[in-house]
Amino acid sequence: IDLRARSHRGQPTILTPHPLEAARIIGCGVEQIQKNRLQAAQKLADDFGCVVALKGSGTILAAPGATPFVNLFGNASLAGPGTGDVLAGWMAGWWAQDSSTTPLSIARHAVAWHGLAVEPGWNGPMLATDLIENMYLASRHSHR
């Protein structure tokens, strides 16, 4: 699927790459992504005309024409298998239920709830099933 064509047709997209995926898309090494995560996320957002949540320690959110920002919630417990899939699925599920909410707002809230799900100080990797339950609880304790 050509993401640029989706953007030109007015079909919004949210990408949720981790640093290795971002490096492969951009065509560089992970080291370059990690050296300037803000720039990498913004490049992806601008190049593809979409919202980007560059996952990692301090997930970066970027969108064309918007200032990128860093999500301060979360910790290494989110580095386990399936946690990124939970994040992407959460975004897709919310978006399917409420298409009037902007993709950037969906990404911003979902990334925050994703991080809050392991705070304060979850010990060890979080299982995807636990993450879903904790994200639900985090979303209920905050306002959209």
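**Close-up views of a predicted model**

**View 1. Helix H2 passes helix H4 in a left-handed crossing.** A crossing is called left-handed if the near helix is turned anticlockwise from the far one by less than a right angle, and right-handed if clockwise. The model is predicted, with local features requiring pLDDT of at least 70 and side-chain atom pairs pLDDT 80 or more, while totals for chains, interfaces and linings use all residues. Residues are numbered from 1 along each chain as its sequence is written, and side-chain values use heavy atoms, without hydrogens and water. The axes of H2 (residues 19–26) and H4 come within 11 Å and cross at roughly 50 degrees. Axes are lines fitted to C-alpha atoms, for helices over the stretch in contact, with angles from 0 to 180 degrees between N-to-C directions. H2 and H4 are therefore oblique to each other (under 35 degrees is roughly parallel, over 145 roughly antiparallel, 65 to 115 roughly perpendicular, the rest oblique). Helices (H or I, at least four residues) and strands (E, at least two) are DSSP runs numbered from the N terminus.

**View 2. Helices H5 and H7 pack at an angle of about 40 degrees.** H5 covers residues 83–97 and H7 residues 128–140, and their axes are 9 Å apart. The pair is therefore oblique, and H5 passes H7 in a right-handed crossing.

View 3. The structure holds one salt bridge, a term for a side-chain nitrogen of Lys or Arg within 4 Å of a carboxyl oxygen of Asp or Glu. Relative accessible area is 37% for Lys-43 and 31% for Asp-47, so each counts as partly exposed (buried is under 20%, exposed over 50%, partly exposed in between; 1.4 Å probe, protein chains only).

**View 4. Leu-38, Val-70 and Leu-72 form a nonpolar surface patch.** Together they have about 290 Å² of accessible area, by the Shrake-Rupley method with a 1.4 Å probe, where for residues only the protein chains shown count as cover. Patches take residues with over 30% relative accessible area and no salt bridge, joining like charges within 9 Å and nonpolar side chains (Val, Leu, Ile, Met, Phe, Trp, Tyr) within 5 Å. Val-70, in strand S4 (residues 69–70), is partly exposed at 38% relative accessibility.

**View 5. Asn-71 lies in the loop between S4 and H5.** With 8% relative accessibility, Asn-71 counts as buried. Asn-71 and Leu-15 are 56 residues apart in sequence and 16 Å apart in space, C-alpha to C-alpha.
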